[in-house]
Amino acid sequence: MSDLEDEADFVIVGTGAGGATAARVLSAAGHSVVMLEEGARLVTADRPRDLLGAMAQAFRDMGTNATEGASPLPLLQARCVGGATAINSGIIWRLPDEVRREWSERRGLGELVDERGLSEAFDAIEGELEITDTAPSLWGGNATLMARGAEALGLVGKAIARNASRCKGSAQCLQGCPGEARQSMDVSYVPRAIRQGARLHARARVDRVRFDGGRATGVEGAVLDAERRVVGALRVRARRAVIVAASAVQSPVILWRSGLRGPVGETFMAHPGCAVVGRFDEPVGMGFGATQAYEVPLRERRMKLESISLPPEMIAARLPGAGPAWQERLAHLDHVAQWAVQVRMEAVGRVRPAWFGRGGEASVRYAPTRADMMRVREGVATLCRMMFAAGAREVYPGIAGVRSVLRDPSEVALVEAREHPQSHYSMMASHLFASCPAGADPATSAVGPDLAVHGVNGLYVMDSSALPTNLGVNPQHSIMGVTWRAAERLAQRTESAATRCVGAVRETAASVPLSSRTGAA
Amino acid sequence: MAFTDFERRWIVAIMSAFTTPEGELTVADGEADYVYAAEVMAAGSRLKARVGLRVAVWVVALAPAWALGRAQTLDELPAAGRTELIARLLDHRAYLVRGLATLLKLTATLAMMRSPAVRARSGYDRAADARSPSTRRALPLVTSQGVMT
Ligand SMILES: Cc1cc2nc3c(=O)[nH]c(=O)nc-3n(C[C@H](O)[C@H](O)[C@H](O)COP(=O)(O)OP(=O)(O)OC[C@H]3O[C@@H](n4cnc5c(N)ncnc54)[C@H](O)[C@@H]3O)c2cc1C
Ligand code: SF4
């Protein structure tokens, strides 16, 4: 057995967009910080370039997790230092102002998402993570053709802003950036926090939060080996607070396993999406250019269209059929383009710990509404039209029951001719939210305006689960910005409390009993 | 969850049947390690997905019986018959069948593209040689700084 014991002012569970940002801010303020991460710390040079190896190393459960029910929706997540930022495309969007205002007015988060304060946080993050618009020289054929298609249909698109100013356009973000150009958390805020004195324990899975007299005092869980077998017990004491930042799926599971109930896990939201593939006579060269470089935001229609260059394994599987026709298309992967639609769905789901399975496994219920599915159809049809407008010879809409190969723009009507159930699309979701939503009202929110769990002292949630709703834009920047604000305010509060007790007892909050709706003991 | 010997045989029979020797992009015997890909998928997945992968292998391997009414397993069909049947399963009206066949197709492509030779034949990495420069030059580019031409 190799047990692990440690102690710090702040114990942070998870090193993704939320956890790493919290560690960066709190360690900069001079607090001792321990980061606990279930996945491994990856060495860039050792990250496999083939998708099978990359998935085995960095994806949570090989990307096979999905929602429950008759039409499972795959949920793509990472399990490694850096969380999903270690495999994402680096797209950066500030929190849209109408969403900010809604959170402020309806959720009582005015101070947390105060316009000026949040804007300063975004400015700081954008400077540190080298945010720039993707230069035209890095668009590659995939994004260039998408721009051509959008323009032909009169849609307004733009270069995607990313945290990768030194991007070389290798289209390998999913396997990890080979030159560390993309400023994912594993190469930015996690090492920065370590330089500022934080400690990182990777392969350290937290199973529950420990309480003493209504106050979170630490966490316990398991130390894992490379095969994720348990090789020891984990016990880390938090002198000031535990910050759960394990993602919109895992954070509510940890809180549930810790005895917390109420709205925890009750309001899971997402931006599910699907892709359309097209074949062009001219070469496209999807493997050349930034993974994602061009986007058409359609916020009023609750959707966003993006170019997305994926590894050949995924594109090959997405081409229709089997046998000679498939092989003919497979032999011309350099002529294939792929664009996706992500929908800001109105559906609200639920997350719980799974009944059986290893620690931390979740059961997610989520069913898109009819209106959501109409938007998916509208997005797919728009992408098909854009493909033809850009010059595609064949378009593969990827909807069961619809002709798998469209050869003429008039055939897009087949997509629109009727409604298609979710199970007819190849959808997936990687933008997940709101399972421990923030808000002033404990009846409808799991955490308060400072992201502290209602009714518990010394326990915070700072990740995608704490955002009160989905956004309609790519989420990592909003997660980092909101976390930055909350962590900064926590650091200030802790500092002022600490100076009041001049070097004596390090407790900041008086112990109060847990509220009756928390079963924690 | 190790696959049994006959399951391994089925995996090879199923996954090699996505391609035929007559097709444009061929995969020679031994060029793609399908069993390895299936084992890596299973080892890294949750119990539910591991069971799903095994169910997929069984459902497709036994498809000649339930889909064609023949007392055979897929590996006992002639090569062309295997490919034809798999293509039908990929388009099956039952979501479960379609989904399981697609899972095996993805596993097959994960194995195929691990082979540098197969990947090279796909053209994915074919040099970009300043692709479609005319297209690129003709486009006004809208960025957050404004329109660039
Ligand atoms: C393929 C992909 C592409 C994406 N592209 C973009 C993009 O371009 N732009 C964008 O804005 N967003 C993108 N996203 C979404 C974005 O990456 C996520 O929304 C964001 O990373 C979520 O941050 P988080 O902190 O909530 O969780 P995560 O980043 O998922 O981090 C949570 C961390 O907690 C760890 N953890 C979980 N449970 C435990 C436990 N019990 N004990 C210890 N550690 C635990 C996990 O291993 C993980 O490392 C993408 C996501 C994916 C999967
Ligand atoms: S496209 Fe390639 S070089 Fe650019 S950020 Fe992604 S992995 Fe890095």
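The model is predicted. Over all chains it holds 51 salt bridges and seven aromatic pairs. Around ligand 2 there is a shell of 14 residues.

**Ligand 2**

- The shell of ligand 2 has 14 residues, and the closest are Cys167(A), Lys168(A), Ser170(A), Cys173(A) and Cys177(A).
- By class, the shell around ligand 2 divides into seven nonpolar, four polar and three charged residues.

**A salt bridge between chains**

- Arg114(B) pairs with Asp50(A) in a salt bridge, with the closest N and O atoms 3.4 Å apart.
- This pair crosses between chains. On the chain B side, Arg114(B) sits in the loop between helix H6 (95-112) and helix H7 (116-122). On the chain A side, Asp50(A) sits in the loop between strand E2 (33-36) and helix H2 (51-58).
- Arg114(B) has a relative accessible area of 36%, so it is partly exposed.

**Salt bridges within chains**

- Arg101(A) and Asp97(A) form a salt bridge at 3.1 Å, N to O.
- Both residues belong to helix H3 (residues 97-107) of chain A. They are four residues apart, about one turn of the helix.
- Arg101(A) is partly exposed at 39% relative accessible area. Asp97(A) is also partly exposed, at 31%.
- In chain B, the side chains of Asp75(B) and Arg9(B) meet in a salt bridge at 3.6 Å, N to O.
- That bridge links distant parts of the chain, 66 residues apart. Asp75(B) is in the loop between helix H4 (63-68) and helix H5 (79-90), while Arg9(B) is in helix H1 (residues 5-16).

**Helix H10 of chain A**

- Helix H10 (residues 370-390) of chain A has 21 residues. At 1.5 Å a residue it should span 30 Å, and its end C-alpha atoms are 30 Å apart, so the two values agree.
- Of the 21 residues of H10(A), 15 are buried, so the helix is largely enclosed by the rest of the structure.
- Gly391(A) follows H10(A) and has a positive phi, near 110°.

**Aromatic contacts in chain B**

- Trp10(B) and Trp58(B) are one of the seven aromatic pairs. Their ring centres are 5.1 Å apart and their planes stand at 90°, so the pair is edge-to-face.
- Trp10(B) lies in helix H1 of chain B and Trp58(B) in helix H3 (residues 47-61) of chain B, so the pair ties together parts that are 48 residues apart in sequence.
- Trp10(B) counts as buried because its relative accessibility is 6%, under the 20% limit. Trp58(B) has 35% and counts as partly exposed.

**Arginines over rings in chain A**

- Arg261(A) lies over the face of Trp256(A), 3.9 Å from the ring centre.
- Arg24(A) lies over the face of Tyr189(A), 5.8 Å from the ring centre.

Key. Residues numbered from 1 in each chain as written. Chains lettered and ligands numbered in written order. Predicted model: local features only at pLDDT ≥ 70, side-chain atom pairs only at ≥ 80, totals over all residues. Heavy atoms only, no water. Near = heavy atom within 4 Å. Nonpolar A, V, L, I, M, F, W, Y, C, P; charged D, E, K, R; others polar. Salt bridge = Lys/Arg side-chain N within 4 Å of Asp/Glu carboxyl O. Helix = DSSP H or I, 4+ residues; strand = E, 2+ residues; numbered from the N terminus. Buried < 20%, exposed > 50% of the residue type's maximum accessible area, 1.4 Å probe, protein only. Expected span 1.5 Å × (residues − 1). Phe/Tyr/Trp six-rings, centres within 6.5 Å; stacked < 30°, edge-to-face > 60°. Lys NZ or Arg CZ within 6 Å of the ring centre and 35° of its normal.
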